[in-house]
Amino acid sequence: MLKVAWSTKYAHPLPEGHRFPMEKYELLPEQLLYEGTLNSGNFFEPEPCTEEIITAVHDSRYFKKLKALSLSKSEIRRTGFPLSKELVEREIQIMNGSVMASLCALQNGIGMNIAGGTHHAFKDRGEGFCLLNDIAIAAKYLLTKYAIDKVLVVDLDVHQGNGTASIFQNDSQVFTFSMHGKNNYPMHKEQSDLDVPLEDQTDDQTYLSLLGNHLPKVIAEVAPDFIIYQSGVDVLATDKLGRLGMTIQGCKERDKLVLSHAKTNNIPIMCCMGGGYSLKISDIIEAHANTFRLAQELFF
């Protein structure tokens, strides 16, 4: 059975007019239940992540400051969220959502987190709607606690996974692969193991051709024991922050390509959702829902 990490706390209230669409964390599970893709048995609520697991990746001083709500105004501004006890608790729960979803993937071939994909968080700071890095935390946990020697991070959010790249820049056990907007945030890019920068308005055909060329080669060369997939839907042409030219169908084909390669090569995969900022919330929900539909279709 497909297991999906989710909690009502994922949809954290934000000030009116905030550009981050928190409501997607309520609407996406509702849609998946309504259409019958998932039932209540597919969902599990993760416990908060332990400090030991988090500080295996993040600087303990930063984590203490975060929990004490003692970040500076500039540090808070960089995250893009108003800092609160409830927000920090949410982030800590999401971290364990990706850890637990990864363990589900070891059992079932795939596990998913309704949130996560917080790839802009560095060891010692948050950025871009990311306070802690669930991708790095899940990868480090698998490498430390399980018979996993090599993790491949496939980051297809429109924004480069700069925090993840930085965290693992000197770690040969994690291979970071990022396809992202060349001219998009962050303006200063970190160096992933493989970066594929995309021009503005990149369309379905161009994107899928590049991914179809690079991904099989990376899997063959890296020979990963586990894949973490950041499946952001801000690649859509309708996205306010994306600048690419992809359709919802093209985004679905992207997901199918990644999930199919994991399945065919018998590599467990954990999917975390990443960004999506289309003007119509229905576009965001439909694109995210496709990832879950494909997981059911391909794995169960």
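Two strands count as paired if DSSP finds at least two bridges between them. Keep that in mind for the notes below, which concern a predicted model.

1. **β4 and β5.** These two strands run parallel and are joined by five bridges.

2. Zooming out, we have an open sheet of eight strands with parallel pairing, and the order reads β2-β1-β3-β8-β7-β4-β5-β6. At the edges sit β2 (43-44) and β6 (194-198), each of which pairs on one side only. Further in, β3 (residues 110-113) and β8 (residues 269-272) run parallel and are joined by four bridges. Within that pairing, N113 stands opposite C272 of β8.

3. **Helices on the sheet.** Two to look at here. Helix α6 (residues 134-145) packs on the sheet and touches β4 (151-155), β5 (174-181), β7 (226-230) and β8. The direction of α6 makes about 170° with that of β7. Helix α10 (residues 281-299) also packs on the sheet, where it touches β1 (4-5), β3 and β8. For α10 the angle is taken with β3, and it comes to about 165°.

4. **α8 against α9.** Helix α8 (residues 204-222) packs with helix α9 (residues 248-264) at an angle of about 10°, and their axes are 10 Å apart. Angles under 35 degrees count as roughly parallel, so α8 and α9 are roughly parallel to each other. On the α8 side the contact is made by D204, Y207, L208, L211, G212, L215, P216 and I219, and α9 supplies G250, E253, R254, L257, V258 and H261. By type, the residues of this contact divide into eight nonpolar, three polar and three charged.

5. **S192.** Leaving aside neighbours within four places in sequence, S192 is in contact with Q160, A165, T176 and S178.

6. **A cis peptide.** Have a look at the bond joining Y185 and P186: it is cis, with omega of about -5°. P186 lies in the loop between β5 and β6, and that is also where S192 lies.

7. **Positive phi.** R243, which is not a glycine, has a positive phi of about 70°. You'll find R243 in the loop between β7 and α9, and at 40% relative accessibility it counts as partly exposed. N266 is another residue other than glycine with a positive value, its phi being near 60°. N266 is found in the loop between α9 and β8, and at 69% relative accessibility it counts as exposed.

8. **A147.** Finally, A147 lies in the loop between α6 and β4. With a relative accessibility of 76%, A147 counts as exposed. How far apart are the C-alpha atoms of A147 and Q205? They are separated by 38 Å, and the two residues are 58 residues apart along the chain.

Conventions
Residues numbered from 1 in each chain as written. Predicted model: local features only at pLDDT ≥ 70, side-chain atom pairs only at ≥ 80, totals over all residues. Heavy atoms only, no water. Contact = heavy atoms within 4.5 Å. Axes fitted to C-alpha atoms, helices over the stretch in contact; angles between N-to-C directions. Parallel < 35°, antiparallel > 145°, perpendicular 65-115°, else oblique. Nonpolar A, V, L, I, M, F, W, Y, C, P; charged D, E, K, R; others polar. Buried < 20%, exposed > 50% of the residue type's maximum accessible area, 1.4 Å probe, protein only.
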